[in-house]
Amino acid sequence: MEAGEITRAAYEAHKGDDDFIQPGTLYRDVMTPTDQDHLVENIVSHLSQEVERFVQERAVNDYWTKVDPNLGARVAEGIGLGSPQPGHG
């Protein structure tokens with residue numbers, strides 16, 4: 001390939017690639033406990049506003065628990081769900 005040449009190639013996925021690594025790192029390693037509390041409060045507030053139960057369960061199990069298990073558990077508790085069950089939404 002010559003300098004400055006642009007090529008098109010399919011992205012090769014890496015073993016650790018998923019949509020939850022960066023937000024999980026943000027939640028665990030960057031946010032302060034106060035920031036984490038505010039995030040949980042915001043998520044719970046939005047999921048509590050006339051959102052159907054199956055949507056709440058899916059949000060907790062398929063998203064927030066995959067970001068971080070503690071975050072998923074806190075959101076589940078906040079909206080009155082039992083323990084989150086990843087993959088069972």
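**The start of helix H4**

Select Asp68 together with Asn70: at the start of H4, a side-chain oxygen of Asp68 reaches to within 2.9 Å of the backbone nitrogen of Asn70. A polar contact is a pair of N or O atoms within 3.5 Å; within protein, one must be able to donate a hydrogen and the other to accept it, and residues adjacent in sequence count only if both atoms are side-chain atoms. Helices (H or I, at least four residues) and strands (E, at least two) are DSSP runs, numbered from the N terminus. The model is predicted: local features need pLDDT of at least 70, side-chain atom pairs count only at pLDDT 80 or more, and totals for chains, interfaces and linings use all residues. Residues are numbered from 1 along each chain as its sequence is written, and side-chain values use heavy atoms, with hydrogens and water left out.

Remain at Asp68, which lies in the loop between helix H3 (53–67) and helix H4 (69–78). Is Asp68 buried or exposed? Asp68 has a relative accessible area of 5% and is therefore buried (buried means under 20% relative accessible area, exposed over 50%, partly exposed in between, with a 1.4 Å probe and protein chains only). Leaving out residues up to four places away in sequence, Asp68 touches Tyr27 and Arg28 (contact means heavy atoms within 4.5 Å).

**Along helix H4**

Next, select helix H4 and colour its buried residues, which are Leu71, Gly72, Val75 and Ala76. Viewed down the axis of H4, these residues fall within an arc of 130°, so they line one face of the helix (the arc is that of the directions from the helix axis to the C-beta atoms). The cover over the buried residues of H4 includes H1, H2 and H3. Turn to the other side of H4, where Pro69 and Glu77 are exposed. Just after H4, Gly80 takes a positive phi of about 80°.

Centre the view on Leu71. Apart from its neighbours within four places in sequence, Leu71 is in contact with Tyr27, Leu39, Val40, Ile43 and Trp64.

**Gln36 in helix H2**

Move to Gln36, which lies in helix H2. Its relative accessibility is 15%, so Gln36 counts as buried. Beyond residues up to four places away in sequence, Gln36 touches Tyr27, Arg28, Met31 and Arg74. Tyr27 and Arg28 are also the residues that Asp68 touches.

**The loop between H2 and H3**

Select Ser48, in the loop between helix H2 (33–47) and H3. Ser48 is partly exposed, with a relative accessible area of 42%. Show Gln56 and Ile79 as well: Ser48 touches both, not counting residues up to four places away in sequence. Then draw a distance from Ser48 to Gly80; the two are 32 residues apart in sequence and 9.5 Å apart in space, C-alpha to C-alpha.

Glu50 is in the loop between H2 and H3 too. Although Glu50 is not a glycine, it has a positive phi of about 55°. Glu50 counts as exposed because its relative accessibility is 84%.

**The aromatic pair**

How many aromatic pairs are there? The count comes to one, under the rule that rings of Phe, Tyr and Trp (its six-membered ring) pair if their centres lie within 6.5 Å; planes under 30 degrees apart count as stacked, over 60 as edge-to-face and the rest as tilted. Select Phe20 and Tyr63: their ring centres are 6.5 Å apart and their planes at 55°, so the pair is tilted. The pair links distant parts of the chain, with Phe20 in the segment before helix H1 (21–30) and Tyr63 in helix H3, 43 residues apart. Phe20 counts as buried at 18% relative accessibility, whereas Tyr63 is partly exposed at 39%.

**The whole chain**

Finally, zoom out to the complete chain, which has four helices and zero strands. Of its 89 residues, 25% count as buried. Among contacts with a separation of 6 or more, 59% come from residues 24 or more positions apart.
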